[in-house]
Amino acid sequence: MIRKILLSILLIVLVVTGIVIFNTLRFSKEITRKPASDLPNLPDSAISHMQQAIRIKTIGLGNGEPVDTAQYLAFWQFVEKNYPLLHQSLTHQTFNGLSRLYKWEGKHPEQKPYVLMAHYDVVPVEASTENLWTVPAYGGVLKNDTIYGRGAADDKVSLISILEAVEKLLSQQFQPERTIYLSFGNDEETIGKGAQAIAKYMEDNKIHPEVILDEGGEITTENFTELKRPVALIAVAEKGYMSFNLTVELHGGHSSTPAPETAIDILAKGLVHLREKQMPYQFQPVIKELLNRVGPGMPFSERMAIANPWLFEKSLVSGLEKDHSSNALIHTTIVPTIVQTGIKDNVIPSLATAVVNTRILPGTTVEEVEAFMNKQINDPRVKITKNSPPDRVGPAASYESVAYKKVEDATYKVMKDVIPVPFLSVGATDSKYLQHLADGTIKFTPSVDAKGFHGIDERIGVSDLKRLIFFYQIIIQDAGK
Ligand SMILES: [Zn+2]
């Protein structure tokens with residue numbers, strides 16, 4: 001009897017091992033390579049245009065604080081002066097006072113248009129980090145073939161590259177097959193009112209783009225080092241965004257006679273509990289597809305896990321959870337970003353508040369996130385309210401859409417040996433307000449490992465500027481084919 005049981009176990013082990021090895025071997029193949037073109041030379045003025053754009057301080061402050069509109073207006077003067085052909089040939093309308101939508105009429109205006117998006121507002125430089133910059137934050141310094149400054153990567157390089165590509169094509173008397181819109185937002189980093197106004201205009205005028213292209217993913221050489229090839233993270237979806245206010249009110253008093261628990265204690269404990277556990281992981285179809293596309297080039301153990309998710313899902317998950325960037329691809333993330341309380345060192349405050357920012361996986365609702373937060377904090381004295389009404393965001397694109405294919409094709413042409421993969425963007429962009437109007441919305445720019453987004457020494461390589469200009473040029477030239 002025991003012999004029989006042992007034999008059956010052995011048989012099961014053998015069959016499982018056989019299936020695992022069969023799947024792994026079937027999954028092993030060279031990942032497609034397509035020939036890239038040489039990047040054309042930069043127009044002489046492109047670098048200086050980037051530098052000038054960075055020097056104009058189009059800083060978005062948030063929290064309803066008014067911006068320096070003179071800087072924003074100066075930015076448009078700079079555009080009009082430096083891109084004269086674009087200004088003569090394209091019409092434009094202003095939205096929300098400072099956002100612009102340019103229209104470049106195509107040969108076939110009856111066909112669905114393309115929309116190229118970018119924003120020119122930038123986040124402020126935190127006062128405490130100012131002296132950590134190795135160059136002036138708004139200097140637009142060119143050093144070692146790299147352009148430095150707030151907004152260099154996010155997102156002035158996209159905007160300038162689109163302008164350069166259009167100006168160049170116009171100088172060659174090019175006219176696009178389809179109409180091309182250029183949608184440039186003025187408050188992407190704060191409230192996105194510009195993009196919302198543009199979306200409303202498109203809705204009212206029944207403009208339904210075939211392709212919308214905005215910032216989001218980029219090319220990485222640092223995240224899939226085993227592949228020894230660059231990977232283009234072409235985002236076809238993005239996480240939702242919601243901030244919650246946490247409020248604790250409890251009678252305060254003199255700090256010489258504290259009660260056992262204060263508003264600060266309750267809030268602090270609530271935040272600790274909130275951070276103890278994540279919402280359950282979810283494998284979005286786009287992440288599964290990403291793994292399927294990079295898997296064949298991975299070392300044997302990773303390849304085996306990806307080829308056999310039925311057996312190794314748990315180990316795949318724990319691998320992704322080890323790194324906070326990949327963790328964000330499979331979890332809704334919840335993190336406190338502002339804590340406010342107290343006015344004087346000897347007064348116990350009666351009010352303690354926090355803002356908790358959440359990035360929500362597609363398919364999860366704001367209500368589910370709120371319910372999770374309530375359960376974790378488990379203290380009715382911590383009141384949780386939404387910071388803003390939830391955005392109604394439609395799906396962005398399928399990785400089988402025309403939009404994805406167009407961007408994939410252009411990416412192959414501008415980057416040698418690249419492996420394009422569909423991706424989930426963990427940030428939120430202006431295009432979320434427009435994507436319900438389009439057949440496909442892609443969030444991607446082909447910069448390589450850009451550094452300093454919202455941080456110190458933000459910068460972009462001159463080679464990236466070159467690549468982006470060429471990339472937008474290809475997208476415009478191939479639109480409608
Ligand atoms: Zn941005």
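Q: Is Arg150 buried or exposed?
A: In this predicted model, local features need pLDDT of at least 70 and side-chain atom pairs count only at pLDDT 80 or more, while totals for chains, interfaces and linings use all residues. Residues are numbered from 1 along each chain as its sequence is written, and side-chain values use heavy atoms, with hydrogens and water left out. The classes are buried for under 20% relative accessible area, exposed for over 50% and partly exposed in between, with a 1.4 Å probe and protein chains only. Arg150 has a relative accessible area of 2% and is therefore buried.

Q: Which residue meets the side chain of Arg150 in a salt bridge?
A: A salt bridge here is a side-chain nitrogen of Lys or Arg within 4 Å of a carboxyl oxygen of Asp or Glu. The partner of Arg150 lies at 2.7 Å, N to O, and with a relative accessible area of 1% this partner is buried. The residue is Glu458.

Q: How far apart are the closest N and O atoms of Glu80 and Arg100?
A: Glu80, at 30% relative accessibility, counts as partly exposed, whereas Arg100, at 8%, counts as buried. The two side chains form a salt bridge, and their closest N and O atoms are apart by 2.8 Å.

Q: How many salt bridges does a search of the whole structure find?
A: Another pair is Arg381 with Asp379, which meet at 3.0 Å, N to O; Arg381 is partly exposed at 35%, and Asp379 counts as buried at 18%. For the whole structure, the number of salt bridges found is 21.
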